[in-house]
Amino acid sequence: MALFRERCAQYVAIAVLFTATSVFAADTPNTLLPTINITQGEKCVEPTDVIRKEHKYFLLHQRDSTLREGVRSKKHSLKNCVNCHADPKTDSVIGEEGFCSSCHSYAAVTIDCFSCHTDKRESNAASLK
Amino acid sequence: MSLNRREFLGIGAAVTAGAAIAPGIRLIELVQARSLEEAASAQQRWGLLIDTNKCTRNCTACVDACFVENGIGNKGRPATDPQWIRKIETKDPSTGYTHSLPVLCQHCDYPPCVDVCPTGASMKRADGIVLVDKHICIGCRFCMMACPYKARSFVHEVITDQKAYAPRGKGTVESCTLCVHKIDRGDGTTACTEACNKGGHQAIIFGDLKDPNSEISKSLREKGGRQIRADLKLNTGIRYQGL
């Protein structure tokens with residue numbers, strides 16, 4: 001009987017250990033997924049699923065119309081993205097937890113934008129909001 | 001929410017257009033206030049008129065202002081540092097008379113840099129501003145060789161902390177943009193013009209060469225103006241008086 005009790009206690013201990021491990025795993029962030037910190041702006045200029053998939057095309061179209069034709073609409077401008085999504089601590093969209101770079105490093109896609117464009121929010125961007 | 005100058009002008013123009021046009025208000029002024037969504041138009045051609053008689057020998061106000069406005073950090077390496085505008089001294093050997101004048105991209109009507117560009121990066125906007133599309137510039141520097149004014153620079157070093165309105169990067173060619181961001185914003189001036197006026201020299205006039213009533217057109221009509229290397233027939237947007 002004593003042996004049975006001991007066995008039972010062992011099973012219970014193992015069960016408790018498994019439950020604790022699974023709870024702990026659920027609380028720990030999955031390091032494989034990108035960190036997306038959105039701190040500013042109530043709503044994106046496009047629905048989330050659209051902007052996630054199409055942002056490169058919006059930016060490509062905007063860059064040509066802005067540079068070549070002088071159209072300076074704000075909706076799909078890179079400046080507008082950066083002003084909203086720059087990290088409040090670093091004022092930047094790149095870096096370890098930067099809005100752009102966290103997803104791009106996850107997807108292993110190099111961003112060329114910030115070799116010429118500034119990755120920093122404009123100093124007066126907050127007042128423009 | 002605050003409005004910038006261009007948005008304000010756009011709204012002002014719309015309001016004025018909606019109201020009855022009073023005597024003294026010319027339609028041409030309404031056309032000039034371009035909205036943010038509107039493309040640059042061939043109805044304008046932006047240019048500068050530089051009076052070399054008013055340009056002081058050791059003054060570099062225009063050069064300094066350009067560098068600050070466009071975030072051009074000088075690294076102290078003259079052979080490779082980008083230079084969008086520079087002051088040159090000329091001397092007539094027969095009389096000894098010296099001139100001091102700024103030289104920058106001349107925003108040619110027939111730009112040789114655009115002719116030679118293999119990718120189409122060198123381009124002229126509808127309103128006459130010659131620009132480099134750095135998105136497709138491969139840094140071959142053909143345009144630098146083709147330019148008779150040595151107006152273009154190659155970016156040799158990595159650049160950080162650019163101005164949001166003036167993207168610049170290593171491996172591309174760049175030159176004076178005629179402060180295109182200020183023009184599109186509706187400022188109606190350039191950084192060099194502002195600095196020259198602020199310094200009390202009034203040697204640079206910015207304006208629309210196609211508008212007969214603009215200050216630049218009036219001055220050119222009354223006092224004349226020359227192009228550097230006019231023999232090349234490039235029809236430059238930058239004109240000089242006193243040369």
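Colleague: How many bridges join strand E1 of chain B to E8(B)?

Modeller: Two strands are said to pair if DSSP finds at least two bridges between them. Strands (E, at least two residues) and helices (H or I, at least four residues) are DSSP runs, numbered from the N terminus. In this case five bridges join E1(B), residues 46-51, to E8(B), and the two run antiparallel. B:Ile50, for instance, has B:Ile204 in E8(B) as its bridge partner. This is a predicted model, in which local features need pLDDT of at least 70 and side-chain atom pairs count only at pLDDT 80 or more, while totals for chains, interfaces and linings use all residues. Residues are numbered from 1 along each chain as its sequence is written, and chains are lettered from A and ligands numbered from 1 in the order in which they are written.

Colleague: In what order do the three strands of the open sheet lie?

Modeller: The order is E8-E1-E9 in chain B, with mixed pairing. E8 (204-208) and E9 (238-241) of chain B are at the edges with a single partner strand each, so one side of each has no neighbour in the sheet. From one strand to the next the twist averages 20°. Helix H8 of chain B, residues 215-223, packs on this sheet and touches E1, E8 and E9 of chain B; contact requires C-beta atoms, placed from the backbone, within 7 Å. The direction of H8(B) makes about 110° with that of E8(B).

Colleague: Which residue takes a positive phi in the hairpin of E2(B) and E3(B)?

Modeller: B:Gly96 does, near 85°, in a hairpin with six residues between the strands. E2 (residues 85-91) and E3 (residues 98-104) of chain B pair in the antiparallel sense over seven bridges. Within E3(B), B:Pro102 is the bridge partner of B:Lys87.

Colleague: How is a pair of packed helices described?

Modeller: The description uses the angle between their axes and the distance between the axes. Axes are lines fitted to C-alpha atoms, for helices over the stretch in contact, and angles run from 0 to 180 degrees between N-to-C directions. Helix H3 (residues 61-70) and helix H7 (residues 191-198) of chain B pack at about 135°, their axes 8 Å apart. That makes H3(B) oblique to H7(B), where under 35 degrees is roughly parallel, over 145 roughly antiparallel, 65 to 115 roughly perpendicular and the rest oblique. Among the residues that meet are B:Ala61 and B:Cys62 in H3(B), and B:Ala191 and B:Cys192 in H7(B).

Colleague: Where does helix H2 of chain A bend?

Modeller: The bend at a residue is the angle between axes fitted to the seven residues ending there and the seven starting there. H2(A), residues 48-69, bends by about 70° at A:Glu54. Just after H2(A), A:Gly70 has a positive phi of about 85°.

Terms used: Contact = placed C-beta atoms within 7 Å.
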